[in-house]
Amino acid sequence: MSDSNFGPPPGNFNDDDSGASRRADTATLPPTRRPLVTALVVAAALLVVIAIAAQFWTEVLWYQSVRFSGVFTTQLVTKLLLGIVGGLLTAAMVWSSIHLAFRSRPIYAPSPETQAMEHYRQLVEPMRRTATVAAPLAVGLFAGLSAATQWDTFLLWRNSNPFGTKDPEFGLDVSFFVFDLPWINFVVAFLTMILVIGFITAAFTHYLYGGIVAGNKMRSTHAARVHLSAIAAALVLVRAVAFWVDRYNLATAESTKITGIQYTESHAIIPTKGILAVAAVMCAIMFLTTIWTRSWRLPLVGVAVLAVIVVAVGGIYPALVQSLKVRPSEKSLEVPYIQRNIDATRVAYGFDQIDVKPYDTKSVATQNALRDDAATVPGIRLIDPNVVSPTFKQLEASKGYYQFADVLDVDRYQIDGKSQDTVIAARELDLSGVPDAQRNWLNDHTVYTHGYGVVAAKGNTRTTDGRPSFFESQIGSEGSLGKYEPRIYFGESSPEYSIVGANKEFDYPDPQGTGQISYTYKGTGGVPLDAVKRLAYAVKYREINFLLSDQVSDGSRILDHRTPRDRVQRVAPWLTLDGNAYPAVVDGRVLWVLDGYTTSSNYPYSETTTLDTATEDAVTSTRNSVRAVQAGQVNYVRNSVKATVDAYDGTVTLYQWDEKDPVLKAWMSIFPGSVQPLSSISGSLMSHLRYPEDLFKVQRTLLEKYHDRDASSFYGGQNFWRVPDDPTQSGQDLLQPPYYLSLAMPGQASPAFSLTSTFMPTGDRNVLSGFLAVDGDAGSVTGKKSPNYGKMRLLETTGGSTGPGQVYNDMRTSTVTSNDASLGRQLTLAQFISTTSSTGASVIFGNQLTLPVGGGLLYVQPIYVRAQSSASGTYPRLSAVAVAFGDKIAWAGSLDAALNDLFGGSSGAQAGDNGTTPTPTPTPTPTPTQSGTPTAPPATGTPNAAALTKALQDAEAAYAQGEAALKRGDFAAYGQAQTKLKEALERAVDASPKSTPKAAP
């Protein structure tokens, strides 16, 4: 069979009629159609090229502006290298399969068997040369793109660092599993894919051109047999390597009980994997014998034997071992492997050094019980950052185009020489608050460009009318934080891009009038623009105003990629970032602080967890500014990096936080100079670094099981715990978030800024089984962490302490009356809640804090009241505090008063908020007389009955005025009424007999 046999039959294209028809058709075509189509295709291709070039160049400019060009170039070069190598290998395999099969095609005399494919060969022939090149390139392109995604796996393999810990099964350093094994798995899988594609391509081509003939009896040429058997032998050899490597993959394999190797894997599966690898090598040799035997008999026998071994040795034998040997004695046989899992998990997640103590909780509240915890009580945080965002916005936003995050942050600041737990937020720009008439491209991108300042309040006190006690607040006024650069050009709510530097921007409202203060950006952030760069950004953002607007000139700078998370993720794509960035005022600058994690899913024997599930709680599920970590499954986590983003110029700085982490060391080798050493952290920044919340949530999730260090009891699972649901989110099954507060654990010398959480037994029992706290205070020494930072303490409680949900329910239905006269008429807590709600106001329960003090567990629940939500300008006010200890509950207008009531008149400690007078909350209307007019209680037997009666009448009038103002949302009038009420109550107290007894709780 000659080459001409594969072309079109002679004479097919010489038919006069058909030729005339084609000429006629051609004559009817518009002469301009083909050039027009060509021009449109060229123009479209040119536009695509310009868009890609603009995107690429602006990326280069951005990385240069933040001084992380090395990160961009290293990624780019590595991706190109892997893509080119992977693509070329794949393309070469496909091309060689087509080329060799075609070159070795046989020449047969015409027969019915060969004639069947002749028609298809004729169809293929016109495009054969093109397909021989295009098909390998297309397949190679997709394979190259796939290989390029493994840039991080390749770089970690090339820059691995030892862990210094050997795995107990193979005796290999953990670095082999974390760094080497993922790359080996990829190479094996990639080679398998290439060889399978090559085999299929070769077989198809041989079949098309007669190298393989499918008739009554399948026949093949010697060349086809040699070609296919060589590829098949290589494929089976690669699978032999895969069988051998799978032995190591068992160290991170998941089962129903634990992650890692168990008895059956160790005694049955690992040996059989070795047997399968040897069998695969023998099968590969059998494929090569076809070169000499000219028969498929031995390869087919080899494949059949390998399949039998895979089923019998690889499947049936391990199943028999599991069912006949392991299952009858599972506990005794699996205990050593469970212990491996426990030890590895505790190390991999960083809680192997946790301090565990039993804690026998008291249930009786006695006088002065908190005397030994007097230093802890002032650190009880009453201002809930999850509740008071509307309060901050109403009181401190100033204008509608400012906003605060819906979840505020907790930090520490030195106020009057003392460390003060603080609730803080940045006053950020909110373009949606700009009036619609002023919304246009010019205002959105050149005028409204930045937020202004931070707002901070003390965490443990509030004002007389229930507002936070601000120590940094109004725009233009200097607060306790001193002078600092207040402009927030880079924040969590910043616009997509702004153009600054050569134009006047809106800075803040003029506090002296109705105008505004303007400002021109003087920082070095962003990319400086010129004519060519303006064109590039016009293409990138599809906005012609970059070229036309007189507000954009060669002196302008463009600020884009402005959120702290986005900026850090772009310069450190190898980091998994915490779900919450928080602002801190450091050395006269506002810095966004963000925690970065190095993770792996290949730590041997460590339990695998899903980060987005482990970090999800009631806050991430109901708020927008804090979110769960999106990073898939991991079994190794380290808080290896602390990152900061300057809110004014966008400078990103990465600091090494875990100096022992081998994964971080590898990345620092890959991107030299991108991460600054721990010694570079200033003392002022160190004082604002805290233990990351998401890492803590992951650790507490693992501690639900892995607090139990005994493999025998772990096997039974009777001692497993669970994190309680947030009781304030009734019926939603959302986990209670951890809380920051200053706390001294039992045995701890002094309070420390800590992150806390509680545990309950699995099942339906609502009792507390554990209390976890981690020291989150990094200290204030330059370049040196506090030695106690990260110290985890776990109290395993006994005595059946009531759980959070039960305490919450008990508080809502409590019949305990408050002795706090500042609340107005005496009410039970249940009456307070129902009466307030009946006025149309909302009762909001704040964060339920749990503290191991007084020899037991103290629950503290701030209670907020918000007027009718339909009224404009309403916001939550802290109106009361409920506390519980054992089975006793008390409540009052202040924490001090509530604790004194709870502990028999004197708690033995001062919370520090007893100087505040809470806003009287809605109470039942005073009992009217028969005429329907409310009357004051008679003032008989007092030294000054007339003065007392007058004071009480004034109090009732002021109270009525306050109620009316509250219902219509007029908080200015409401505040004035409360001032009158306070003054009237003080006069009433002065005129009352001093021996008036108080009602018993």
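Helices (H or I, at least four residues) and strands (E, at least two) are DSSP runs, numbered from the N terminus. With that settled, let's start.

This is a predicted model, where local features need pLDDT of at least 70, side-chain atom pairs count only at pLDDT 80 or more, and totals for chains, interfaces and linings use all residues. Residues are numbered from 1 along each chain as its sequence is written, and side-chain values use heavy atoms, with hydrogens and water left out.

First stop, helix H16. Helix H16 covers residues 531-541. Just after H16 comes arginine 542, with a positive phi of about 55 degrees. For context, most residues other than glycine have a negative phi. Now the burial. Buried means under 20% relative accessible area, exposed over 50%, partly exposed in between, using a 1.4 Å probe and protein chains only. Which residues of H16 are buried? They are Lys533, Arg534, Ala536, Tyr537, Ala538, Lys540 and Tyr541.

Histidine 561 is not a glycine, yet its phi is positive, about 50 degrees. Look for histidine 561 in the loop between strand E16 (557-560) and helix H18 (564-571). Its relative accessible area is 17%, so histidine 561 counts as buried. Tyrosine 605 is the next one, with phi near 75 degrees. Tyrosine 605 sits in the loop between strand E19 (589-600) and strand E20 (609-610). At a relative accessible area of 3%, tyrosine 605 is buried.

Helix H10 spans residues 263-288, and helix H13 spans residues 330-348. Their axes come within 8 Å and cross at roughly 95 degrees. Axes here are lines fitted to C-alpha atoms, for helices over the stretch in contact, and angles run from 0 to 180 degrees between N-to-C directions. H10 and H13 are therefore roughly perpendicular to each other. On the scale used, angles under 35 degrees count as roughly parallel, over 145 as roughly antiparallel, 65 to 115 as roughly perpendicular and the rest as oblique. Which residues meet? Tyr263, Ser266 and His267 in H10 meet Leu333, Glu334 and Tyr337 in H13. Contact means heavy atoms within 4.5 Å.

Now a sheet. Two strands pair if DSSP finds at least two bridges between them.

A single residue next: serine 493. Find serine 493 in the loop between strand E11 (487-488) and strand E12 (497-500). Is serine 493 buried or partly exposed? At 30% relative accessibility, serine 493 counts as partly exposed. Leaving aside neighbours within four places in sequence, serine 493 contacts Gln403, Glu428 and Leu429. Leucine 429 is 64 residues away along the chain, yet the two C-alpha atoms are separated by 6.7 Å. The side chains of serine 493 and glutamine 403 make a polar contact of 3.2 Å. A polar contact is a pair of N or O atoms within 3.5 Å; within protein, one must be able to donate a hydrogen and the other to accept it, and residues adjacent in sequence count only if both atoms are side-chain atoms.

Last stop, strand E32, residues 858-866. Why call E32 largely enclosed by the rest of the structure? Because 8 of its 9 residues are buried. Strand E30 (residues 842-845) runs antiparallel to E32, joined by 4 bridges. There, phenylalanine 845 has isoleucine 863 as its bridge partner. Strand E31 (residues 849-851) is also antiparallel to E32, with 3 bridges. Leucine 851 stands opposite leucine 858. The hairpin of E31 and E32 has 6 residues between the strands, and glycine 854 takes a positive phi near 65 degrees there. Strand E33 (residues 877-885) pairs with E32 over 8 bridges, again antiparallel. Proline 862 stands opposite valine 881 in E33.
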